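Subject: Structure for your review

Dear colleague,

Please find below the structure that I am handing over to you. I would be grateful if you could read the notes after it with the structure open.

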Amino acid sequence: MTAEYAENEPRPSAADGSAGSTLPRTAAVIPAAGRGVRLGPGAPKALRALNGTPMLIHAARALAASRAVSTVVIVAPPDGEAEVRSLLDAHALDGGGRTEFLVVRGGATRQESVRLGLAAVPADVEIVLVHDAARPLVPVDTVDAVIETVRAGAPAVVPALPLADTVKEVEPGPKGEPEPVLATPERARLRAVQTPQGFDRATLVRAHESVTLAGEGATDDAGMVERLGLPVVVVPGHEEAFKVTRPLDLVLAEAVLARRKANRGF
Ligand code: C5P
């Protein structure tokens, strides 16, 4: 008989990467230093509550739910390091105490925040996941699928979903003005990418050392690995790994949590 587990409950997932295991050790970096302006005024996005618990805590639990993840590095807003540390103390994150949680200070762009988080990853870790705090509800099966694919030899792995909407490439114009369409990519070949993205550590470090992007920097770590000319593969993502960006996403996230709670009741 197969045991049944509530989603994101600690359980036997990918074989563990703890000390003594021969499997490569895995760490997760959670960039959580963004302001989240599209969500409206208020606290930094990662510190906003979903059903009373900060998004960042949900995200940290989601990664720690994988038995393969031995360290979680949280990249805090530059002025929010102390607050993140006290949130970690206030919330029970890992029943078994098998995951180490570290907090570092973030930077001005997501790319900079990931680089600072990566610098804090313990030396013996060979696989690094990068996961947006803004995707608090990613199921553990998605986390494990990414790790397994890196373990199988892929230098960079991205969970992604096919698109529901057709996508147009446009010539961006002033806000609200009609914009000329340049192209319509074939929808069946497009994927919307999520996190956690998984990497061979040396590959991700090399990407962060050698790829610099102007403006807001890289919004996606796998894109930096592509620029190195290395292969990146996609594995199936999950609809619950959506990014909380706009106010309506908060409503959806709380509905998902309510459904999980109701399912646990049976
Ligand atoms: O702004 P966006 O939703 O694309 O941010 C994605 C993730 O990157 C969020 O978890 C956010 O907290 C993080 N981020 C960061 N440092 C920044 C900007 C964004 O850690 N300077």
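This is a predicted model: local features need pLDDT of at least 70, side-chain atom pairs count only at pLDDT 80 or more; totals for chains, interfaces and linings use all residues.

The whole chain

The protein chain contains 7 helices and 12 strands. Of its 266 residues, 47% count as buried. The chain exposes about 13300 Å², and carbon and sulfur atoms supply 53% of that area. Among contacts between residues at least 6 apart in sequence, 74% join residues at least 24 apart.

In soluble globular proteins, nonpolar side chains tend to be buried together. In this model the largest nonpolar core has 33 residues, and those with the most contacts inside it are Ile30, Leu56, Leu63, Ile74, Val84 and Leu129. Two or more residues each are given to this core by strand E1 (25-31), helix H1 (55-64), strand E4 (69-76), helix H2 (81-90), strand E6 (125-130) and helix H4 (140-151). H1 provides the largest share, 6 residues.

Leu63 shows how these parts meet. Leaving aside neighbours within four places in sequence, Leu63 is in contact with Ala28, Ile30, Val69, Val72, Leu129, His131, Val138, Val143 and Pro196. There is also a second, separate core of 20 residues, whose members include Leu118, Val128, Phe199 and Ala222.

Strand E4 and its partners

E4 is mostly covered, with 8 of its 8 residues buried. E1 and E4 run parallel and are joined by 6 bridges; Ala27 has Thr71 in E4 as its bridge partner. E4 also pairs in the parallel sense with strand E5 (residues 100-105), again over 6 bridges. In that pairing, the partner of Ile74 is Val103 in E5. Ile74 is also one of the residues with the most contacts inside the largest core.

Ser113

Ser113 lies in helix H3 (residues 110-118). Is this serine buried or exposed? The relative accessible area of Ser113 is 3%, and the cut-off for a buried residue is under 20%; Ser113 therefore counts as buried. Which residues surround Ser113 in the model, apart from neighbours within four places in sequence? Ser113 is in contact with Pro31, Ala33, Val75, Gly106 and Gly107.

With kind regards

Definitions and conventions:
Residues are numbered from 1 along each chain as its sequence is written. Side-chain values use heavy atoms; hydrogens and water are left out. A nonpolar core is a set of buried Ala, Val, Leu, Ile, Met, Phe, Trp, Tyr and Cys residues joined through side-chain atoms within 4.5 Å. Buried means under 20% relative accessible area, exposed over 50%, partly exposed in between (1.4 Å probe, protein chains only). Helices (H or I, at least four residues) and strands (E, at least two) are DSSP runs, numbered from the N terminus. Contact means heavy atoms within 4.5 Å. Accessible areas come from the Shrake-Rupley method with a 1.4 Å probe; for residues, only the protein chains shown count as cover. Two strands pair if DSSP finds at least two bridges between them.
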